[in-house]
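Let's take a friendly walk through some helix packing and charged pairs. Please have a look at the model first.

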Amino acid sequence: ALGAQQDSTQAPVYQRIDGIVAVVGDEIVLASDIHDRVTQAKLEGRTVTDDNECGLLESVLFEKLLLHNARLDGLEVTDAEVLGEIDRRLTYYMQMFGSVEAFEAEYGKSVAEWKAEFNEPVREQILAQKMQAEIDQSVRSPPAQVQDYFDAIPTDSLPLIPEELSY
């Protein structure tokens with residue numbers, strides 16, 4: 001989405017408001033999703049560079065992949081699970097900022113607005129975690145064993161796999 005700002009003497013200057021960065025199945029990743037992850041990382045005291053910002057994008061893509069598969073498999077998340085996670089996070093932030101007023105000043109919105117805004121993202125994160133747990137339960141080989149297996153295959157014996165992902 002683009003927004004136009006116009007000076008009376010110049011042509012309009014367009015500024016990007018938001019946009020689709022990636023699509024995974026039926027799930028989209030917006031530029032604002034990545035910006036939110038960067039902001040969250042900074043609030044948690046982590047240093048954000050171009051390299052780990054790319055890692056944040058990768059984690060969002062992986063989460064969307066899990067979310068897409070969870071929906072295909074019919075996994076569900078209850079409202080109680082979502083509210084419990086939101087309350088747990090809110091308690092953490094209240095301890096970090098020291099007061100409701102400091103929290104609201106940092107986020108620029110009330111606690112009720114923050115809870116409403118994070119309802120769907122938290123639901124999606126829990127659903128992705130459930131899918132990850134389901135996948136982990138079905139894995140019988142440790143990652144090192146899988147890596148050793150593939151390392152033992154001569155590279156000229158590996159089939160060519162058509163490209164399925166592009167930036």
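Both R89 and E85 are buried, where buried means under 20% relative accessible area, exposed over 50% and partly exposed in between (1.4 Å probe, protein chains only). R89 also forms a salt bridge with E85, that is, a side-chain nitrogen of Lys or Arg within 4 Å of a carboxyl oxygen of Asp or Glu. Being 4 residues apart in helix α3, the two are separated by about one helical turn.

This is a predicted model, in which local features need pLDDT of at least 70, side-chain atom pairs count only at pLDDT 80 or more, and totals for chains, interfaces and linings use all residues. Residues are numbered from 1 along each chain as its sequence is written, and side-chain values use heavy atoms, with hydrogens and water left out.

| Pair | N to O distance |
|---|---|
| R89 and E85 | 2.9 Å |
| K115 and D87 | 3.4 Å |
| R123 and E120 | 4.0 Å |

K115 lies in helix α5 and D87 in helix α3, so this pair ties together parts that are 28 residues apart in sequence. K115 is partly exposed, at 31% relative accessible area, and D87 is partly exposed too, at 36%. Helices here are DSSP runs (H or I, at least four residues), numbered from the N terminus, while strands are E runs of at least two.

R123 and E120 both lie in helix α5, 3 residues apart. R123 counts as buried at 19% relative accessibility, whereas E120 is partly exposed at 37%.
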